[in-house]
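Please look over the structure below before reading on.

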Amino acid sequence: MPLQFVFWDTQHGSATYINTPNQLNFVQDLGTGSYSESEEEFSPLKHLKSRYNVDKLDWVIITHPHKDHIADIEKFSQFSPSALLRPKHLSKDNIMEDVREKDEDIFEEYFRIDNRYTSEISSQDDPALPDNNGDVEVKTFCSRSCGESNINNHSYVTLWSYAGSKVMLPGDNESPSWNKLLEIEEFQDAIKDVDILLAPHHGRERGFHSELFDYFEPKLTIVSDGRFGDTSATSRYSDVSKGWKVHRRNGKSEERYCVTTRNDGVISLKLGYTDSQKPYIQVKID
């Protein structure tokens with residue numbers, strides 16, 4: 001069985017579903033958005049339940065508590081997640097500093113959930129361990145030394161390795177946190193030979209950090225963003241990517257350097273082995 005990722009079209013938000021080779025269900029970030037041209041708000045968690053028949057989540061990762069990464073959190077408890085990873089060190093005052101009154105209920109639910117998940121996870125139940133998740137190696141990193149005035153710089157970065165390939169999923173990290181993380185030898189080793197990159201900060205210029213690409217040259221970069229972003233570094237990500245064959249659901253395929261949810265819709269990724277045990281990377285777009 002492959003390791004599967006689904007990058008939802010959540011416009012400005014971010015939400016990724018991950019299904020492991022032994023059928024554990026993970027979610028990284030809880031953004032929502034308008035699906036395609038519809039004005040109806042798209043809820044990835046609702047979609048998981050109704051279309052994917054997922055009733056239980058084994059792990060939820062919230063890279064950082066900004067609205068575009070937690071807007072779907074009011075449906076969180078319906079899935080009784082076994083484990084939650086988030087930057088626990090951030091203070092409530094810092095998180096709430098620029099929150100609009102109309103969004104306060106979302107953040108209050110985040111804090112209620114944060115207070116529930118306080119116990120340490122045993123090694124027997126830890127979803128990040130290969131023995132528990134179907135032989136997927138997962139590494140997580142978070143810079144805690146940046147100032148809390150910009151919590152983007154406290155985003156978790158996750159690295160997923162399976163079948164000889166590696167996927168990097170960051171949050172909204174900007175240069176200050178990238179600089180701090182790149183001082184860590186373990187982080188340097190972890191990001192070597194990344195094959196698929198989810199662009200930091202929705203592909204914005206502020207998330208692009210050229211020094212990262214001293215350690216890897218991705219085959220493909222994925223950008224999760226809406227149509228009306230303030231800045232875009234999509235062309236810069238295309239320039240640093242090798243290119244990879246991307247399949248359309250109509251049967252056609254093409255080589256791409258960068259794919260985006262704003263133009264390509266939902267993006268699915270599989271890492272696995274063929275029947276003859278050759279590793280493969282498969283990318284599909286709408």
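1. Leaving aside neighbours within four places in sequence, Thr-63 is in contact (heavy atoms within 4.5 Å) with Gln-28, Asp-29, His-69, Pro-87, His-154, Ser-155, Tyr-156, Pro-170 and Gly-171. Thr-63 and Arg-86, 23 residues apart in sequence, lie 5.9 Å from each other in space, C-alpha to C-alpha.

2. This is a predicted model, in which local features need pLDDT of at least 70 and side-chain atom pairs count only at pLDDT 80 or more, while totals for chains, interfaces and linings use all residues. Residues are numbered from 1 along each chain as its sequence is written, and side-chain values use heavy atoms, with hydrogens and water left out.

3. Thr-63 counts as buried because its relative accessibility is 0%, where buried means under 20% relative accessible area, exposed over 50% and partly exposed in between (1.4 Å probe, protein chains only).

4. The largest pocket has a volume of about 790 Å³; a pocket is an open set of points on a 1 Å grid over the protein atoms alone, where a 1.4 Å probe fits, with protein on both sides within 12 Å along at least five of seven lines, and lining residues have an atom within 4 Å of a point. The volume is the space filled by probe spheres set on the points, which are joined across faces, edges and corners. Of its 34 lining residues, His-66, Lys-67, Asp-68, Arg-100 and Phe-107 are the closest to the centre.

5. The second largest pocket has a volume of about 570 Å³ and is lined by 24 residues, with Trp-59, Ala-83, Leu-84, Ile-121 and Asp-126 nearest its centre.
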